[in-house]
Amino acid sequence: MVLAFHGGMGTAQSLKNGYDIVRKSDKEGFIVAFPNGTSRLKSGLFATWNAGNCCGNAVNSEADDVAFVKKVVDTIKKDYKVSKVFAMGMSNGGMFSYRLACDIPEYFDGI
């Protein structure tokens with residue numbers, strides 16, 4: 001399973017649409033999830049992840065994104081056969097992936 005995190009200027013949908021991650025997951029047979037970060041807008045645009053000292057509304061609101069990701073991983077593992085879990089991201093999503101590696105390394109096989 002791969003968790004894919006967007007950067008601060010986009011949304012989970014823009015990451016899904018802008019890269020060939022879904023096509024790659026279909027071809028290689030792995031699950032990919034696109035969670036959305038914290039946005040101050042109802043539309044979800046400009047959502048960010050709390051990467052510790054960056055970025056935007058996620059840090060300002062002290063969003064507990066690490067706990068959120070733990071719940072996402074636990075839920076998917078409960079519902080699907082998952083042998084390995086990876087995180088990836090771009091921009092702020094990449095920073096957040098590194099935070100996950102530091103804060104909950106037991107949840108991931110690679111970043």
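In what sense do strand β1 and β2 pair, and over how many bridges?

## The sheet

Strand β1, which covers residues 2-5, pairs with β2 in the parallel sense, and two bridges join them; two strands are said to pair if DSSP finds at least two bridges between them. The model discussed here is predicted, so that local features need pLDDT of at least 70 and side-chain atom pairs count only at pLDDT 80 or more, while totals for chains, interfaces and linings use all residues. Residues are numbered from 1 along each chain as its sequence is written, and side-chain values use heavy atoms, with hydrogens and water left out.

Three strands make up an open sheet with parallel pairing, and their order is β2-β1-β3. Its edge strands, each pairing on one side only, are β2 (32-33) and β3 (86-89). Strands (E, at least two residues) and helices (H or I, at least four) are DSSP runs numbered from the N terminus. Within the sheet, Val2 stands opposite Val32, a residue of β2.

## The nonpolar cores

A nonpolar core is a set of buried Ala, Val, Leu, Ile, Met, Phe, Trp, Tyr and Cys residues joined through side-chain atoms within 4.5 Å. The largest one holds 18 residues, and those touching the most other members are Leu3, Phe5, Val69, Leu100 and Phe108. Two or more residues of this core come from each of β1, α4 (65-79) and α5, and α4 gives the largest share, which is five residues. In soluble globular proteins, nonpolar side chains tend to be buried together.

Leu3 is in contact (heavy atoms within 4.5 Å) with Ala33, Val69, Val72, Val73, Phe86, Ala87, Met88 and Phe108, once neighbours within four places in sequence are left aside.

## Leu100 in helix α5

Leu100 belongs to helix α5, which spans residues 92-103. Leu100 has a relative accessible area of 0% and therefore counts as buried, a term that means under 20% relative accessible area, whereas exposed means over 50% and partly exposed lies in between (1.4 Å probe, protein chains only).

When residues up to four places away in sequence are not counted, Leu100 touches Phe5, Val66, Val69, Ala87, Pro105 and Phe108.

## Salt bridges

The structure holds three salt bridges, each being a side-chain nitrogen of Lys or Arg within 4 Å of a carboxyl oxygen of Asp or Glu. Asp20 forms one with Arg23, where the closest N and O atoms are 3.0 Å apart, and both Asp20 and Arg23 are exposed.

Another salt bridge joins the side chains of Glu28 and Lys24, at 3.5 Å from N to O; these residues lie four apart in helix α2 (residues 21-28), about one turn of the helix. Glu28 is partly exposed because its relative accessible area is 46%, and Lys24 counts as partly exposed because its relative accessibility is 43%. Arg99 also forms a salt bridge, with Asp103, and here the closest N and O atoms are 2.8 Å apart. Arg99 and Asp103 both lie in helix α5, four residues apart, which is about one turn of the helix. Arg99 has 23% relative accessibility and so counts as partly exposed, and Asp103, at 38%, counts as partly exposed too.
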